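Hi there,

Here is the structure I promised to send over. Have a look at it first, and then read on for my notes on what turned up.

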Amino acid sequence: MGARYASPGQCRAREHTGAPKASRAETDNCAVIGDAIWVEDLHVRYRAKNGRWVNAVQGLSFSVKPGEVVGFLGPNGAGKSSTLKVLMGFVEPKSGACEVFGLKAGSLEAKSRIGYLPEVAVYYPFLTPVETLTLYGELQGLSGASLKQECRDLLELVGLKDAQTKLNKTLSKGMLQRVGIAQSLLGKPELLILDEVTSGLDPVGRKELRSLMKDRQKEGATLFFSSHELSEVDMLCDRILLINKGVFVEERQMDALKDELRKYVLVYSGAPPLVGLASDLDEVGAGSIRASFATKQDLLQGLDRVSQAGGHVDDVVAQEGSLEEYFIERIKEAA
Amino acid sequence: MRKIRVWKALARGVLLESLRRKDLWVVAILGFLIICAAGALGFFGINGLQAFVKDLGVTVLGLFSTIMAVLTSCRLLPEEIKQRTLYPLLSRPISRFDLLFGKWLGAVVVTWAAFLLLVALTAGALMTFNVRFEPIMLQYVVAKMMGLAVVCAVSLAMGTFMTPQAAATLSFILAFGSSMLIRGLIMAYDASNPYMAWIFKLINVSLPQYSLFDLGGRAANIGWSPVPPWVMAFLFTYMVVYCGAMLTLSWAKFRRQTI
């Protein structure tokens, strides 16, 4: 998926400074808009029941490139859903700018390019999944035989072929989530915004969803989703954005983060401890030593040293780090 | 064309839901009961009471169709917000006005369907007494349908400003008490100073004049002539203007509402 073209009237010259504000692939006359999502200094607030204003999002800035799969993470109340609601135009921000493909977030033009899955899967109880999809399809601007075919295909894709004529009120939470996923895919949107995407899905459903999302990414769609399921994030995302209490914490490329969290373990015997090289050393009995290394480079050096000292390598293991621990640690630090 | 398709889709959604929720069937059962009641009157003999039966018919028609209009319209938007079904709707490329208009259209279709069902059943009951149908009856039906569209617009507007329960209560007060309210206002501005009279007149004009649409009194009498065409044209204009005003009011509240 290449850069999108916005009408000249929709273009404005902008300059981004400092992380995490990504540079935009804009030409001088601002005709080419590079980002699928662009958020700058976003502030969102709500009036609580006691009449006080509550700041849900404070000065959030980030961007998502076309074709990227970005996970939007944060604990409960971090401001994820509020940000997604601003992107969809459900909530007016207090201040800041928010654009989708260079178009004002919430505008009809922007919404026509987005597929949205709300946090809570509630659909009209007295309609069937096929009627629900037909309704949303018609609102999307689809009609006729192509809409009917797309509804059938999508319901088959999400595994609801046999339940397509049952009333929504008789469906389970997971099945309703599948209806939600199907409606978000109507019209093959260029950007999918998914709030708590795996909510209510069983392990089989999650696997199917992952495969579906990967297919959409291969077709060029951009995926921006919030989730508490870090395993999904781990398997799907190119990049993560972490927020806490409405404030940006950090953004990381998943490959780099996985490398950083990965540990290399060497179990050997007949050689002295690799002091200064290993990050952790343990005796594991009968003269065997277990050495942990932060990088692959350190591991290779360790292997060299053991070999030079005439030692015997018993085992070499690459341990994937826990994204959950990293997440908890970063949130604690940010708090 | 696209807007019309959007309104049609939204209205069909409201109608389908109302059919599945069996609202219309409840009306049909009530209609059946009317026929039974009329049949019971016939059993005791009501020769010469055609006017009474017609009056009873139009009263029941007005009552049930207004209840249907209020209950369908005032819960449309608050329920969408409460159940969060509004999110997938508004994530589509439709404006909030389109959403309101489509929902109002759906409520009007449901109410008209219920009204016409009742009309058919009442007409069937009246025919058993050989009651003669006059052109004024047709005018009554058309005028009542226009009035119900106004009831739907007012109830929908109330629903955007308050809870469904409060909206229903206020809509019922306006629907069934408007003639009393208006009479009170006329008496008040007759007895007030010019400044206050002007305010009362303004309030009077702002209130929905449902009684204008009620030709039931004329229709119930035997031998009354139809109203002139300009009256129907005026009612149509009033309906368009008042519904437009109510939908604009709803949109003004809803267009920036956080959902």
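B:Arg256 and A:Glu92 form a salt bridge in this predicted model, and their closest N and O atoms are 3.0 Å apart. Between chain B and chain A the count of such salt bridges is 3.

On the chain A side 33 residues take part, and on the chain B side 29 residues do. Three residues of chain B deserve a click: B:Arg20, B:Arg92 and B:Pro93 together supply 24% of the area that chain B buries against chain A, more than any other three residues. As you know, interface size is often quoted as the accessible area lost when the parts come together. Here, chain B and chain A bury about 2,800 Å² between them, and carbon and sulfur atoms carry 59% of that area.

- A:Glu196 has a phi of about 50°. Its place is the loop that runs between strand 9 (191-195) and helix 6 (203-218) of chain A. Is A:Glu196 buried or exposed? Its relative accessibility is 11%, which is under the 20% cut-off, so A:Glu196 counts as buried.
- B:Arg84 has a phi near 65°. This residue is found in chain B, in the loop between helix 4 (76-83) and helix 5 (86-90).

Finally, some overall figures for chain A, in case you want them for setting things up. Chain A has 335 residues, and 50% of them are buried. Its secondary structure comprises 16 strands and 10 helices. Along the principal axes, the C-alpha atoms of chain A fill a box of roughly 75 × 50 × 45 Å. Of the contacts in chain A with a separation of 6 or more, 65% join residues 24 or more positions apart. The accessible surface of chain A is about 15,400 Å², with 49% of it belonging to carbon and sulfur atoms.

On charges, chain A carries 45 negative and 41 positive side chains. The centres of these two sets lie 7 Å apart.

That is everything from my side for now.

Best wishes

Definitions and conventions: Residues numbered from 1 in each chain as written. Chains lettered and ligands numbered in written order. Predicted model: local features only at pLDDT ≥ 70, side-chain atom pairs only at ≥ 80, totals over all residues. Heavy atoms only, no water. Helix = DSSP H or I, 4+ residues; strand = E, 2+ residues; numbered from the N terminus. Buried < 20%, exposed > 50% of the residue type's maximum accessible area, 1.4 Å probe, protein only. Contact = heavy atoms within 4.5 Å. Areas by Shrake-Rupley, 256 points an atom, 1.4 Å probe, with all protein chains shown as cover. Lys, Arg positive; Asp, Glu negative; His and termini not counted. Charge placed at Lys NZ, Arg CZ, Asp CG, Glu CD. Buried area = accessible area lost by both parts, 1.4 Å probe. Salt bridge = Lys/Arg side-chain N within 4 Å of Asp/Glu carboxyl O.
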